[in-house]
Amino acid sequence: MTTKVETKNDKEKSNNNISNSNTCLSNTTNPSTPIKSKYTPNLEVADFLPDAQALIKDYICYLCGGVYFNPRIDRCGHIYCTPCLKITDCCPLTNAIYNDSNLTPINFVSAIIDKQMVYCRNKSKGCEWTGKLIELSEHQSICPKQSIKCDIPGCIEGDLRENISKHQENCEYRVVPCVDCQLTFPKILLENHFKECPEGKLECPKNCNEKIKRKDLEKHVKDECENISVYCEFETIGCLDKFNRKYFEKHMIDNHSKHNLLAIKKIADFQKDSQKQITELSERLKISEKNNEDLNSLINEMSTGKY
Ligand SMILES: [Zn+2]
Ligand SMILES: [Zn+2]
Ligand SMILES: [Zn+2]
Ligand SMILES: [Zn+2]
Ligand SMILES: [Zn+2]
Ligand SMILES: [Zn+2]
Ligand SMILES: [Zn+2]
C-alpha cells in the first residue's frame, strides 16, 4: 500500500475530479470531529495489531477518521488520504482551493504506516493472518476467507475463495455435456436443449410403447410405428380393409382365402377384358383388311386403264 508515484494522467484525473466538484465544506468550526458521512476510511485503527495502534492513532485523516491511506499534503500543510482529497476541492480546515500542485504524496508517512502490523481484512470471517500493511494486498490475493467472484462466464455469484470450487461444482453456468448428444452447454441452458435435442428419446405419440429418438420420430410414425393404420397390401385387387400395422401379418393369414378369391376374380376380370379387347381388335383388323382389298382392286383397275 505504498503511495505510488503519481503519473501525469493521475494528476490530470485528480485535478479533474477536484474542479468538477465545486463544493467547499462549510463546517470548519469543529475540526476535531471528522466528517465521516461523506468519506469512507480505508484503514481503521482497529485494523492494526495492539502494539501498532499506539503509534498509528497519530496518523488519522481528518476527513474520514481512518488511518492515512496514500496520504497527500495540501497547500496549507494538512494531510489527507488521496481518496478523501478527491471528494473535496478545498481544504476543509481553511477553505483554500486546491490546485494541481498542492497534492504531493507524503512517502515517508506511507512508509511508516506500511511497516505496521495489521490483521487480515477477513479476520471476522476467521482468517488469522497478521503481517505488515504492505504485505496485506498480496495476502488478500490468496486469502481463503476472501470473497471472490465465480469466474465461470455468465455467473454473477461469488463465495469465499475456500468455497469457490464447491460453488463451481454446482454453478448453474458450468459447462456440462448433454447425456444424449454429448454436445456441451452451460447447465442453465441444458433444460431447454433437452426439449429439442435430436438424440433425445421420446415416447411414441401413437402409444406403441417404443422410445424413439426425436430425429427419427417422424419416420417412425410414417413408416414403422405398429400403431398406425395401414391399408391391406391387396387394396389394388379389392381388399379395402384398414388396420393397425401390427395386425398386418394376422390380416394376411386370416384373409388368405379372401385375397385368393379377389386375385382370381381380378384375373378373370382381366381375362374377360382381354378377350373383349381381342375381339374388338380382330374386328378392327377385318375392317382394315377389307379396306386394304378394296384399295388394291382400285389400284389394279387404275393400272389396267379402266379409268
Ligand atoms: Zn481520509
Ligand atoms: Zn489545508
Ligand atoms: Zn486472510
Ligand atoms: Zn458460478
Ligand atoms: Zn443433446
Ligand atoms: Zn410408434
Ligand atoms: Zn386384405
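Two strands pair if DSSP finds at least two bridges between them. Helices (H or I, at least four residues) and strands (E, at least two) are DSSP runs, numbered from the N terminus. This is a predicted model, in which local features need pLDDT of at least 70 and side-chain atom pairs count only at pLDDT 80 or more, while totals for chains, interfaces and linings use all residues. Residues are numbered from 1 along each chain as its sequence is written, and chains are lettered from A and ligands numbered from 1 in the order in which they are written.

**View 1. An open sheet of 3 strands has the order β2-β1-β3.** The pairing is antiparallel. Strand β1 (residues 71-73) joins β2 over 3 bridges. Arginine 72 has tyrosine 80, in β2, as its bridge partner. β2 and β3 (104-105) are at the edges with a single partner strand each, so one side of each has no neighbour in the sheet. Strands of a sheet pair through backbone hydrogen bonds, either parallel or antiparallel.

**View 2. The largest nonpolar core has 20 residues.** A nonpolar core is a set of buried Ala, Val, Leu, Ile, Met, Phe, Trp, Tyr and Cys residues joined through C-beta atoms within 7 Å. A residue is buried if 20 or more other C-beta atoms lie within 10 Å of its own, exposed if 12 or fewer, and partly exposed in between, with C-beta atoms placed from the backbone. Cys61, Cys81 and Cys84 have the most contacts inside this core. Two or more residues come from each of β2 (79-81), α3 (82-85) and α5 (133-140). Two residues are in contact if their C-beta atoms, placed from the backbone, lie within 7 Å. Leaving aside neighbours within four places in sequence, cysteine 61 contacts Gly66, Tyr68, Tyr80, Cys81 and Cys84.

**View 3. Proline 83 lies in helix α3.** Proline 83 counts as partly exposed because it has 17 C-beta neighbours inside 10 Å. Not counting residues up to four places away in sequence, proline 83 touches Asn42 and Phe69. The C-alpha atoms of proline 83 and proline 71 are separated by 8.9 Å, and the two residues are 12 apart along the chain.

**View 4. Over residues 1-23 the pLDDT is below 50.** pLDDT is the predictor's confidence in each residue, from 0 to 100. The protein chain averages 85, and 86% of the residues score at least 70. For residues 25-31, pLDDT stays under 50, and the model has 9 contacts beyond four places in sequence. Where pLDDT is low, the predicted coordinates should not be read in detail.
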